[in-house]
Amino acid sequence: MKEHNPDNPILHEAVNGAQSQHTPAKTPKKRDLDTMMNTGFQGTTSSAPHSFPIPKPNLERDFQMSVQLNPKISVGPGIWGQRNWVSFISGHWNGRWGKGTVLPGGQDSQLIAPDLSTHIDATYLLQTHDHPPAFIAVKMDGWRVGPREILEKLEDPAHIDEIDPKTYSFRVYVHMETGDTRYLHLNTGMWVASGVRRGTEGLFIIVP
């Protein structure tokens, strides 16, 4: 028989059949974001209390991009949902750290959920206007979601320009990779983007 631990009220009650007399844990107070940012987290390591502030993330426009798209190709229903394939014709971009073109050949492998929410999985190549140019591989991943009737219109070229971008959400996160020494800082960057569809064009505002 295991020896019970009198310091554990639950185990003590289970072994001896006695009601434990312990004070229930207090519910921690909720802390709003501003309080956390200004005062930081507080805790203990050994017996020394400490606190540290947390830098507040700032979202500033870093660059914007416009891409011309080919008509989608339906790959058909798969085990995860309807798969569509959309290729890039061309495009252009500009921002705080440069400008250039989006090269032909990019692609977006879209997965359509039963409620018409669309998962975006795009890869493409940026070329800078430098001499010689730099080439930057981009990976974009995210979702386009909204009311079903709005998402249906987004798939209809006759109605896509009538849709208010505020009626749906098109959000992605972005990673970039390059071996060009002028742009090595992009390899460790993180971006989020907001997008809209206009005709055969995809427009994105991208922030770090």
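The model is predicted, so local features need pLDDT of at least 70, side-chain atom pairs count only at pLDDT 80 or more, and totals for chains, interfaces and linings use all residues. Residues are numbered from 1 along each chain as its sequence is written, and side-chain values use heavy atoms, with hydrogens and water left out.

Let's start with charge. Side chains of opposite charge can pair when their charged atoms come close. Here a salt bridge is a side-chain nitrogen of Lys or Arg within 4 Å of a carboxyl oxygen of Asp or Glu, and the count comes to seven.

| Pair | Distance |
|---|---|
| Glu60 and Arg96 | 2.9 Å |
| Lys139 and Asp121 | 2.2 Å |
| Arg148 and Glu152 | 3.6 Å |

(Strands are DSSP runs of E, at least two residues; helices are runs of H or I, at least four; both are numbered from the N terminus.) Glu60 is partly exposed at 43% relative accessibility, while Arg96 counts as exposed at 51%. The cut-offs are under 20% relative accessible area for buried, over 50% for exposed and partly exposed in between, using a 1.4 Å probe and protein chains only.

Lys139 and Asp121 bring strand S9 (residues 135–145) and strand S8 (residues 118–128) into the picture, so this pair ties together parts 18 residues apart. Arg148 and Glu152 stay within helix H3 (residues 148–154), four residues apart, about one turn of the helix.

Asp62 is in the loop between strand S2 (48–52) and strand S3 (63–69), and is buried at 7% relative accessible area. Its side chain also makes a polar contact (N or O atoms within 3.5 Å, one able to donate a hydrogen and the other to accept it; residues adjacent in sequence count only if both atoms are side-chain atoms) with the side chain of Trp97, at 2.8 Å. Leaving out residues up to four places away in sequence, Asp62 touches (heavy atoms within 4.5 Å) several residues, including Trp191, Ile206 and Pro208.

Finally, the nonpolar side: Leu59, Tyr173 and Val192 make a surface patch of about 300 Å². Patch members have over 30% relative accessible area and no salt bridge, with like charges joined within 9 Å and nonpolar side chains (Val, Leu, Ile, Met, Phe, Trp, Tyr) within 5 Å. Val192, in strand S11 (residues 191–198), is partly exposed at 38%.

Terms used: Areas by Shrake-Rupley, 256 points an atom, 1.4 Å probe, with all protein chains shown as cover.
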